[in-house]
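Dear colleague,

I am passing on the structure we spoke about, and below it you will find my notes on what turned up when I went through it. Please read them beside the coordinates.

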Amino acid sequence: MSFMINQSLATTLLDNIVSEAGNDAKIIIYDGDIPESVDNALLLNFVIAEFNCNNPCGTKSGKTLSISLAASTSTAEKDGVATFFRLETSAGNAILQGKVSSSTGTGQMKLQSINVVLGDTIELENVSFSIG
């Protein structure tokens with residue numbers, strides 16, 4: 001089920017995401033089963049790749065938060081299947097998470113291939129989150 005919210009509430013939510021992320025936030029791509037909630041701990045998930053965010057981690061426009069990455073590419077840290085990502089604080093606290101899919105899939109983050117080999121270059125372009 002989806003829903004829509006007004007601009008004032010969307011602005012507050014996006015401001016809170018940026019504030020909660022703080023300095024040195026990261027986008028981290030994981031393999032394995034996707035936790036049911038961003039509050040759930042990782043269980044047998046391994047880091048596929050990490051992307052450092054700039055400070056602040058993003059800028060908002062309307063109901064969209066565009067993440068600002070220090071670099072748009074990262075080197076894969078292990079072989080695996082990219083299944084989900086999280087925006088995390090520098091202390092490793094998850095703020096939000098979403099599904100990863102291939103470029104033709106339905107995930108919130110799309111990669112050229114979800115099958116990753118150690119040393120592969122992973123590129124992210126236009127990372128953004130929209131609130132209805």
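I29 stands opposite F85 in β5, and this pair belongs to the antiparallel pairing of strand β1 (residues 26–31) with β5, which runs over six bridges. Two strands are said to pair here if DSSP finds at least two bridges between them, while the elements themselves are DSSP runs numbered from the N terminus, helices being H or I with at least four residues and strands E with at least two. The model is a predicted one, in which local features need pLDDT of at least 70 and side-chain atom pairs count only at pLDDT 80 or more, whereas totals for chains, interfaces and linings use all residues. Residues are numbered from 1 along each chain as its sequence is written, and side-chain values use heavy atoms, with hydrogens and water left out.

To return to β5, F85 also has a bridge partner in β6, namely G98, and β5 and β6 pair in the antiparallel sense over five bridges. These two strands form a hairpin with five residues between them, and G92 in the turn has a positive phi of about 90 degrees. A further antiparallel pairing, over two bridges, links β5 to strand β8 (residues 115–116), where N115 is the residue opposite V81. Eight of the nine residues of β5 are buried, so this strand is largely enclosed by the rest of the structure; buried means under 20% relative accessible area, exposed over 50%, and partly exposed in between, with a 1.4 Å probe and protein chains only.

Helix α1 (residues 7–21) has 15 residues and reaches 21 Å from its first C-alpha to its last, close to the 21 Å expected at 1.5 Å a residue, the expected span being 1.5 Å times one less than the number of residues. Its buried residues are A10, L14, I17, V18 and A21. Seen down the axis of α1, they fall within an arc of 95 degrees, so they line one face of the helix; the arc is that of the directions from the helix axis to the C-beta atoms. An α-helix has 3.6 residues a turn, so residues three or four places apart point the same way. The buried residues of α1 pack against β2 (47–61), β3 (64–69), β5 (80–88) and β6 (94–102), while S8, S19 and E20 are exposed on the other side of the helix.

After the helix comes G22, whose phi is positive, near 65 degrees. E20, with a relative accessible area of 53%, is in contact with T89 and I95 when its neighbours within four places in sequence are left aside, contact meaning heavy atoms within 4.5 Å. E20 and C57 lie 37 residues apart in sequence and 9.9 Å apart in space, C-alpha to C-alpha.

A search of the whole structure finds zero disulfides. C53 counts as buried at 6% relative accessibility, and C57 is buried with a relative accessible area of 0%.

With best wishes

Key:
Disulfide = S-S within 2.5 Å.
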